[in-house]
Number of protein chains: 2
Amino acid sequence: MTTSIRSDPLRPRVDHELEERSILRTWLRMLACTNIIEGRVRGALREKFDTTLPRFDLLAQLDAASCDAPSGLTMSELSRRLMVTNGNLTGLVDRLVREGLVARVSSPPDRRAQIVSLTSAGKAALNAMTPDHALWLRNMFQDLTEADRRHLYTLLGKLKRSAQVATEWTP
Amino acid sequence: MTTSIRSDPLRPRVDHELEERSILRTWLRMLACTNIIEGRVRGALREKFDTTLPRFDLLAQLDAASCDAPSGLTMSELSRRLMVTNGNLTGLVDRLVREGLVARVSSPPDRRAQIVSLTSAGKAALNAMTPDHALWLRNMFQDLTEADRRHLYTLLGKLKRSAQVATEWTP
DNA sequence: AGGCGATGTTTTAGGCTTATAATAACTCGG
DNA sequence: CCGAGTTATTATAAGCCTAAAACATCGCCT
């Protein structure tokens with residue numbers, strides 16, 4: 001039976017240390033995975049399409065949202081989905097507008113808001129990249145069976161919820 | 001039974017698409033996890049210790065290596081371990097030297113190499129931060145049982161190996 | 001209508017990160 | 001010994017990213 005941190009904060013110190021070491025190991029390995037995968041995707045995007053990962057992510061996010069929001073997303077909504085700050089997005093969108101891949105128009109009902117949407121060139125660029133992107137990922141995930149993947153997905157879901165909920169209380 | 005990509009590259013197209021979607025979902029969720037956790041650790045380091053995550057990682061890496069290499073690590077070795085480029089490290093070490101947390105000396109046997117090591121102030125700073133860092137992680141991982149963690153660790157190990165080995169061949 | 005808090009975006013300053021090119025020092029075969 | 005290739009590091013240019021502050025607009029309340 002695994003002990004819960006919340007329910008038993010006073011169990012022996014050695015248990016804490018063992019547990020913390022095992023958490024750290026897991027966390028570092030996860031970081032290594034994302035670094036490796038992100039690095040390879042970044043390099044492949046640069047080599048094959050002369051673009052960057054954040055640009056690709058932004059285009060992909062707009063495309064993914066296009067069923068719900070066919071006219072585009074606001075800057076805030078986009079930054080929330082990409083998990084980056086608003087300020088970061090400003091420059092990123094600037095560059096993509098300059099490249100003609102996205103359009104940025106003021107929202108008529110709310111003059112503060114900017115609606116960002118894919119241009120047809122943006123759609124075309126994304127369609128050109130997406131199959132390769134999927135292939136690269138498939139290639140890197142190839143040793144995981146479908147069951148492995150499903151299990152990983154479930155565990156990550158649990159972790160995500162846990163990390164989001166965690167209050168950063170420090171005694 | 002799960003089909004292998006390598007052994008059966010000609011199975012029906014719909015299987016490919018399902019598999020790719022499931023891989024993408026898993027990958028995006030993993031990215032979300034690391035973004036959330038990294039973000040919270042970054043924020044906590046800034047709030048409580050007025051420092052940054054890369055600085056902390058560098059100090060921690062030097063400390064972790066201190067048993068093997070008590071006199072410090074070269075820039076190249078450090079950049080390899082931190083999984084960042086050499087050029088990145090130059091500035092990072094510059095800032096830490098300016099803050100007095102690490103020392104950088106030329107290696108006598110190889111005058112090209114720079115050996116970076118923790119100063120006593122650096123050790124002290126790290127010792128002050130490490131318990132909190134472990135606590136933050138423990139807090140964010142709290143909903144995962146020990147079995148969950150072990151399983152996650154194993155799956156990530158498999159993924160890491162798979163991603164490292166993957167050749168970025170594109171047909 | 002006017003003010004006021006909330007929300008959406010950009011600006012600013014600084015740091016992180018990469019890729020590429022340049023510089024310096026090592027090694028080793030001839 | 002000396003030059004060619006290799007390895008270690010730094011410089012440079014561009015982009016990514018954050019936090020905090022500034023600015024603009026909205027919605028609401030009186």
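Visitor: Through what surface do the copies meet in this model?
Guide: The model is predicted. In it, 100% of the interface residues of chain B are also interface residues in chain A, so the copies meet through the same surface.

Visitor: Turning to the DNA, which residues come nearest to DNA strand C?
Guide: There are 25 residues around DNA strand C, and those that come nearest are A:S76, A:N86, A:G87, B:G87 and B:N88.

Visitor: Which helices supply at least two residues of that surface?
Guide: From chain A, these are α1 (13-49), α3 (75-82) and α4 (86-98); from chain B, α2 (53-65) and α4 (86-98). The largest share, five residues, comes from α4(B).

Visitor: How do the residues near DNA strand C divide into nonpolar, polar and charged?
Guide: The surface near DNA strand C has 12 polar, eight charged and five nonpolar residues.

Visitor: Now the strands: how many bridges join β2 of chain B to β3(B)?
Guide: Five bridges join β2 (residues 102-106) to β3(B), and the two strands run antiparallel. Within this pairing, B:A103 stands opposite B:S117.

Visitor: In what sense do β1 and β3 of chain B pair?
Guide: Strand β1 (residues 73-74) pairs with β3 (residues 114-118) in the antiparallel sense, over two bridges. Here B:T74 stands opposite B:I115.

Technical notes. Residues are numbered from 1 along each chain as its sequence is written. Chains are lettered from A and ligands numbered from 1 in the order in which they are written. This is a predicted model: local features need pLDDT of at least 70, side-chain atom pairs count only at pLDDT 80 or more; totals for chains, interfaces and linings use all residues. Two strands pair if DSSP finds at least two bridges between them. Helices (H or I, at least four residues) and strands (E, at least two) are DSSP runs, numbered from the N terminus. A residue is near a molecule or strand if its C-beta atom, placed from the backbone, lies within 6 Å of it. Ala, Val, Leu, Ile, Met, Phe, Trp, Tyr, Cys and Pro count as nonpolar, Asp, Glu, Lys and Arg as charged, and the others, Gly among them, as polar. Two residues are in contact if their C-beta atoms, placed from the backbone, lie within 7 Å.
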